[in-house]
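Morning, everyone. Please have the sequence and the structure up on your screens. I'll take this piece by piece.

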Protein chains: 2
Amino acid sequence: MMKKNCVIGIDMGGTKISTALADLNGSVLSQCTIPTNAFEGEEAVLNRIISTIETVLKEAGKTPVNVKTIGIGSPGPLDSKNGIILTTPNLPFENFNLVEPIENKYNVPTYLDNDANVAAIGEYMLGEGRGTQNMLYVTVSTGIGGGAILDGKIYRGNTSNALEVGHMTIVQNGKRCNCGNYGCAEAHASGTAIGRQGREAVESGAETSLSNYSNVTSYEVFKEAEKGDRISKEILDESLNYLGICIANLVVVFDPEVIVIGGGVSKGGQIVFDKIREVVNTRCFKSMSESCRIVPAGLGADAGVLGAVALAIIESK
Amino acid sequence: MMKKNCVIGIDMGGTKISTALADLNGSVLSQCTIPTNAFEGEEAVLNRIISTIETVLKEAGKTPVNVKTIGIGSPGPLDSKNGIILTTPNLPFENFNLVEPIENKYNVPTYLDNDANVAAIGEYMLGEGRGTQNMLYVTVSTGIGGGAILDGKIYRGNTSNALEVGHMTIVQNGKRCNCGNYGCAEAHASGTAIGRQGREAVESGAETSLSNYSNVTSYEVFKEAEKGDRISKEILDESLNYLGICIANLVVVFDPEVIVIGGGVSKGGQIVFDKIREVVNTRCFKSMSESCRIVPAGLGADAGVLGAVALAIIESK
């Protein structure tokens with residue numbers, strides 16, 4: 001009898017599908033990445049996913065019989081209980097049941113979860129959250145999202161939308177957010193917010209080296225701040241202060257062992273983590289701030305697919 | 001052989017000790033309340049607790065053999081794992097091990113938890129949280145505290161200090177809080193904060209019916225606001241708006257089924273819940289705000305002791 005000794009993780013993105021076959025410790029045995037070609041529609045994308053599964057099985061010399069579980073990470077919003085991608089800005093899907101056809105084809109239990117939860121599970125099992133029981137993952141890029149492992153289990157909430165940390169109100173009469181509210185953390189401290197403030201500074205005619213760029217994003221603001229540009233430094237200081245308040249609020253509410261921060265803004269380096277730490281130390285009880293590590297995500301470019309592998313492993317238990 | 005068919009709940013307060021013996025469904029069979037007389041010291045208080053246990057056993061015709069578990073609620077901070085009250089502003093205790101002597105005397109497993117967690121467990125088992133899986137309890141009185149039942153279990157966090165919801169920063173450069181931080185929800189929206197603003201209005205010479213009182217607390221502000229006093233209404237509107245932001249932030253982070261609000265301010269009635277609901281509806285995703293009930297605590301004057309009973313029952317399982 002063949003042993004079920006591996007899992008498959010699938011990272012569904014707007015531009016690419018990345019699939020890996022791994023053992024039950026999360027060591028990748030084979031991996032494959034192809035373009036999503038989302039414009040071809042739901043059925044075509046499903047077939048492309050299946051082709052990646054075939055590829056990783058073949059490369060590792062395995063068959064579906066060896067596979068214990070399959071984990072899929074996808075942008076949300078989605079219905080993880082029923083395995084359905086509801087709608088997503090970057091994929092032309094609507095109420096697309098991704099789990100059922102894969103489960104039926106391979107007769108392997110298949111699990112779907114959103115990007116942030118999958119990243120949280122990945123960090124918990126394979127990254128910076130290893131060995132902890134209470135861990136938060138916060139991603140700061142276009143938006144600000146999050147996932148939580150509480151008492152060793154992923155926490156999803158009543159409607160599977162928990163940890164919308166970017167939509168905590170940080171500034172009572174603050175900037176308008178895409179969600180319609182004013183003063184969300186996301187409207188003040190995301191990569192998008194940092195880039196927007198850079199462009200506004202250029203447009204207002206402020207004296208800043210950002211005006212040397214035709215297109216200013218958060219990347220340029222970080223770069224010019226590091227070179228000493230005063231305006232860029234002010235923008236970063238304010239935005240990272242708001243990010244710090246967001247993280248400090250998570251510390252007092254969750255009392256976690258570690259907060260892992262991923263996404264583009266986390267790649268801004270030491271300045272990001274120094275500022276967050278400063279705000280957390282100022283605003284939280286000493287016992288809680290001291291016992292909580294705040295660290296950059298440990299999984300690199302493969303975080304998405306490793307997270308999907310981790311989802312498969314955690315669900316196999 | 002006698003059956004272990006009941007539990008004992010003990011509510012330790014600064015002024016009184018309330019103890020109840022209940023069946024495993026939480027129905028109280030006997031109850032007893034005596035002054036704490038905290039000034040007499042730790043040993044004396046322990047003996048008074050034991051006297052209440054003897055009383056409720058005797059009154060219900062039970063012996064320690066019938067008791068499955070004992071639950072104790074106490075003001076924090078405390079070390080619930082080891083059953084130790086660390087220090088508390090209203091009780092002259094320091095590193096007082098309350099659990100060990102009781103456990104040893106009666107040979108019954110005994111559990112200690114803080115006020116807010118015990119109230120949360122009480123509402124979850126016997127009050128407004130019945131039948132839910134994800135429930136938050138928020139108490140708004142002198143301070144603002146909370147407890148969470150997540151996926152059917154009490155969530156305590158890494159250092160047993162989770163749900164310090166009153167110390168979320170709501171106003172970046174806001175009022176100084178007792179904790180040392182500026183702009184905590186507690187500094188802007190607790191009963192203490194409402195009363196302080198009332199007194200400040202009187203002292204500033206504002207035209208307000210609050211000046212008819214020699215001592216203004218949140219109670220008088222609610223009372224005069226109801227009678228139409230403009231200043232009292234303004235104070236309440238602002239404070240309840242901040243309380244609403246605090247609750248809205250909990251909705252987006254926890255995606256709960258219900259938030260139960262207790263404490264003195266929750267007795268302010270409909271105006272409190274109308275304002276919170278308005279802010280939550282404005283600031284949260286519709287799907288999350290619509291699926292979350294926000295209701296006053298269901299357990300009345302006996303909430304403390306019923307919560308301790310519920311703690312005993314939940315730990316007996």
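Start in chain B, with helix 3, residues 115–126, and helix 10, residues 303–316: their axes come within 7 Å and cross at roughly 75°. An angle of 65 to 115 degrees counts as roughly perpendicular, so helix 3 of chain B is roughly perpendicular to helix 10 of chain B. Bear in mind that this is a predicted model.

Who meets whom here? From helix 3 of chain B come Val118(B), Ala119(B), Ile121(B), Gly122(B), Met125(B) and Leu126(B). They meet Ala303(B), Leu306(B), Gly307(B), Ala308(B), Ala310(B), Leu311(B), Ile313(B) and Ile314(B) in helix 10 of chain B. By class, that contact has 12 nonpolar and two polar residues, with no charged ones.

Stay in chain B for two backbone points. Most residues other than glycine have a negative phi. Now look at Asp151(B): phi is near 45°, a positive value. Asp151(B) is in the loop between strand 10, 144–150, and strand 11, 153–155, of chain B. Leu163(B) also has a positive phi, about 65°, although it is not a glycine. Find Leu163(B) in the loop between strand 11 and helix 4, 185–189, of chain B.

Buried or partly exposed: which is Asp151(B), and which is Leu163(B)? Asp151(B) has 14 other C-beta atoms within 10 Å, so Asp151(B) is partly exposed. Leu163(B) has 26 within 10 Å. The cut-off for buried is 20 or more, so Leu163(B) is buried.

Over to chain A, and its domains. The domain assignment gives domain 1 as 6–123 + 302–316 and domain 2 as 131–296. Their C-alpha centres lie 28 Å apart. Nine residues of domain 1 of chain A are in contact with 14 residues of domain 2 of chain A. Which helix gives the most to the domain 1 side? Helix 3 of chain A, residues 115–126, with six residues. By class, that side has five nonpolar, two polar and two charged residues.

Next, another helix pair. In chain A, helix 7, residues 230–254, packs with helix 8, residues 270–283, at an angle of about 50°, axes 8 Å apart. That angle makes helix 7 of chain A oblique to helix 8 of chain A. The crossing of these two helices is right-handed. The contact of helix 7 with helix 8 in chain A divides into 12 nonpolar, two polar and three charged residues.

Now the contact between the chains. Chain A and chain B each bring 35 residues to it. On the chain A side, strand 11 (153–155), helix 7, helix 8 and helix 9 (286–290) each supply at least two residues. Helix 7 of chain A has the largest share of that side, six residues. The residues of the chain A side divide into 16 nonpolar, 13 polar and six charged.

Pro109(A) is in the loop between helix 2 (99–106) and strand 8 (110–114) of chain A. Pro109(A) has 15 C-beta neighbours inside 10 Å, so Pro109(A) counts as partly exposed. Leaving out residues up to four places away in sequence, Pro109(A) touches Thr69(A) and Glu103(A). From Pro109(A) to Phe273(A) is 164 residues in sequence and 39 Å in space, C-alpha to C-alpha.

That's my tour. Questions, please.

Note on methods:
Residues are numbered from 1 along each chain as its sequence is written. Chains are lettered from A and ligands numbered from 1 in the order in which they are written. This is a predicted model: local features need pLDDT of at least 70, side-chain atom pairs count only at pLDDT 80 or more; totals for chains, interfaces and linings use all residues. Domain bounds come from an automatic or database domain assignment. Two residues are in contact if their C-beta atoms, placed from the backbone, lie within 7 Å. Helices (H or I, at least four residues) and strands (E, at least two) are DSSP runs, numbered from the N terminus. Ala, Val, Leu, Ile, Met, Phe, Trp, Tyr, Cys and Pro count as nonpolar, Asp, Glu, Lys and Arg as charged, and the others, Gly among them, as polar. Axes are lines fitted to C-alpha atoms, for helices over the stretch in contact, and angles run from 0 to 180 degrees between N-to-C directions. Angles under 35 degrees count as roughly parallel, over 145 as roughly antiparallel, 65 to 115 as roughly perpendicular and the rest as oblique. A crossing is left-handed if the near helix is turned anticlockwise from the far one by less than a right angle, and right-handed if clockwise. A residue is buried if 20 or more other C-beta atoms lie within 10 Å of its own, exposed if 12 or fewer, and partly exposed in between; C-beta atoms are placed from the backbone.
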